[in-house]
Amino acid sequence: METTEQNTSSSKNNAWREKLKNLGKENFIISEMTRLGFLSVAPENLQVLRDGFDRLEVIQKELAAIRKELQGTEDITPLLKEIRQNRIERVRAQRTIKKAERAEAAAAARKKFLAEKQTKPFYLGDGVSKGLKFAASDASKLSDNGLPVLHTLDDVAAASGLDASKWQWLAYHRKAATLDHYTRFQIPKKKGGLRSIASPKATLRKAQAWVLAEILSKRADASSSDASFAFQKGKSIVQNAAKHLNKAVVVRMDLKDFFPSIKFRRVKGLFNKLGYNEGLATVFALVCTDSVRIEAALDGKRYFVALGERFVPQGACTSPALTNMLARDLDMRLMRFSEKYLWTYTRYADDLTFSTDHPTPDLRQLLGVAAKIIRDEGFEINAAKTLVMRSHQRQSVTGVVVNNAEAKVSRRDAKRFRAVLHHIETEGEETVSKKLGKSATAYAKGYIAYLSMINPQQAEKFKAKHKWLA
C-alpha cells in the first residue's frame, strides 16, 4: 500500500516536472493557479491559454527531439572560433597590404613631386610665386622672334648647360639669405653722391649671360625705340648728341632711380610677352632682378636681408637691355609728342634730351606733358637735374658740347686733360698716377680714345703735340 502511494506520488511529481518542462515556469504557474481556483479566467480565455499550451507542448517536443539529435553531434564551437580567428587574420593581412600599398603610392608620389619640382618648381619665395605655372610656352611666337622654344627648367638646363637645380637656387627669393649672389659696392657719381653697383657672382653671371645672349640681345634692338642710344650696338653718346647739334634750345631731364624703378613684375611681364609661360618668365625675371640687401648678424650667423621689392640691378649684364625694352613705350609716347610739336627727342639710359630750332618754344607745355607721360610709364623725374640750355649758353648732352655744328668736349674738360698730359711729361707717370689714384698712362690713352670718338680733329691735335698718346 505504502509502495503504491509512493509510486503514485512519484508519477505525479514526474508529470509535474514534465508539464513544467513543456509549459515553462510562467505558463505552468498560471495553469496550476487556474486549476486550484486561485486565478479566475473566463472560459473563452482559458481555452485560448489551453490551445496555446498545447501548441507550446508540440513545439517543446520538437525542440526536445532536435536536442536529442544534436547530442551526438560534434561541438562546433572550436570550429567557429577558428573561423573567426582566420577572418581577423585575413582582415589584418588586408590592412597590412593596403598600408604597404599606400606607403608605396606615397613614396611614388613624393618621387614624382620631387622630379616635377626640379623641372617645374611650385614655389620660389614670398611675393614672387603667384602664377608659377609651367604650361606650354607660345612656340610659334618664340620661333617667329628667333628665340629658343623652352617650356620647363629641364629645357633651360639643356640649352644653357646650367643644371635646373642651379637655376632654382639662383632664382629663389629669400628675404634673409645666408649667401648673396652679388658683390655690392658704391662708386662716386660725376656730380657728387654715390652710385650703388651690384656685380653678379660667377654662377649668376653665367645664367644672366645666357639670358642676355640667347633671349634679350635677339630682341633688344628690335624692341628698343629709335630714340634710345644707350647700350646698343652701333649707337653711342656721339650719335645721341648729334641729334641736338646747333639747336636754339636744349632741355635736359633725368629719370630718378632709373634702374630701381623697373620692378620684378615688369620684367616678368616682358618675358611673358616674348612668349614664355609664366613659370619660365618668373624664373628669368628672378635671375635678372634683386632687392637692396643689408648685412646683419644673428646668433653669430651672417644674413643678407632684403629690403623692399626686387628690381633691375645696376651691374647685371642683362639690365641695360631690359631697361631699353621696358622704356620703349615711354620713348614712343615722347617721340609722338615731340614730332607733333617740333621737338627732337632722344634718351641715353636715364638721360632724356629735347631740342628745338624754335627760339621761344612752349617750355611749360613740354615739361608738363613730359612729366605726365613719365609718371604714366612708371618712372619719376629728378626735378633737381632738369636743365634748359639756350644757344648763348653751353649746351651739353651726355657730356658732349653741342652748341655748334660739330660735337666737342667742353673747354674745361679739354683744359683739364691738357694739364694731366703736362704733369705726366714734367713730373713723371708714377707721380701723376699717385695723385690720380690710377695709372696715369691708362687714363690718358682712355681719354684720347673717348675724344677720338667725339671729335677726331680735336683728338689729332693732342696726338700731334704728345706723340706717346698715339
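In the predicted model, D257 lies in the loop that joins β4 (249–254) to α10 (264–274). The phi angle of D257 is near 50 degrees, a positive value in a residue other than glycine. Most residues other than glycine have a negative phi. A second case is A349, which is not a glycine but has a positive phi of about 60 degrees. A349 is placed in the loop between β7 (344–348) and β8 (351–356). With a relative accessible area of 9%, A349 falls under the 20% cut-off and is therefore buried.

Two packed helices are described by the angle between their axes and the distance between the axes. The axes of α10 and helix α12 (residues 319–326) come within 11 Å and cross at roughly 80 degrees. This angle lies in the range of 65 to 115 degrees, so α10 and α12 are roughly perpendicular to each other. On the α10 side the contact is made by R266, V267, L270, F271 and L274, and on the α12 side by L322, M325 and L326. By residue class, the contact of α10 with α12 comprises seven nonpolar residues, one charged residue and no polar residue.

A207 is located in helix α8 (residues 202–223). The relative accessibility of A207 is 1%, so this residue counts as buried. Apart from neighbours within four places in sequence, A207 is in contact with L162, W167, L170 and V287. The C-alpha atoms of A207 and E101 are separated by 42 Å, and the two residues are 106 residues apart along the chain.

Conventions: Residues are numbered from 1 along each chain as its sequence is written. This is a predicted model: local features need pLDDT of at least 70, side-chain atom pairs count only at pLDDT 80 or more; totals for chains, interfaces and linings use all residues. Side-chain values use heavy atoms; hydrogens and water are left out. Helices (H or I, at least four residues) and strands (E, at least two) are DSSP runs, numbered from the N terminus. Buried means under 20% relative accessible area, exposed over 50%, partly exposed in between (1.4 Å probe, protein chains only). Contact means heavy atoms within 4.5 Å. Axes are lines fitted to C-alpha atoms, for helices over the stretch in contact, and angles run from 0 to 180 degrees between N-to-C directions. Angles under 35 degrees count as roughly parallel, over 145 as roughly antiparallel, 65 to 115 as roughly perpendicular and the rest as oblique. Ala, Val, Leu, Ile, Met, Phe, Trp, Tyr, Cys and Pro count as nonpolar, Asp, Glu, Lys and Arg as charged, and the others, Gly among them, as polar.
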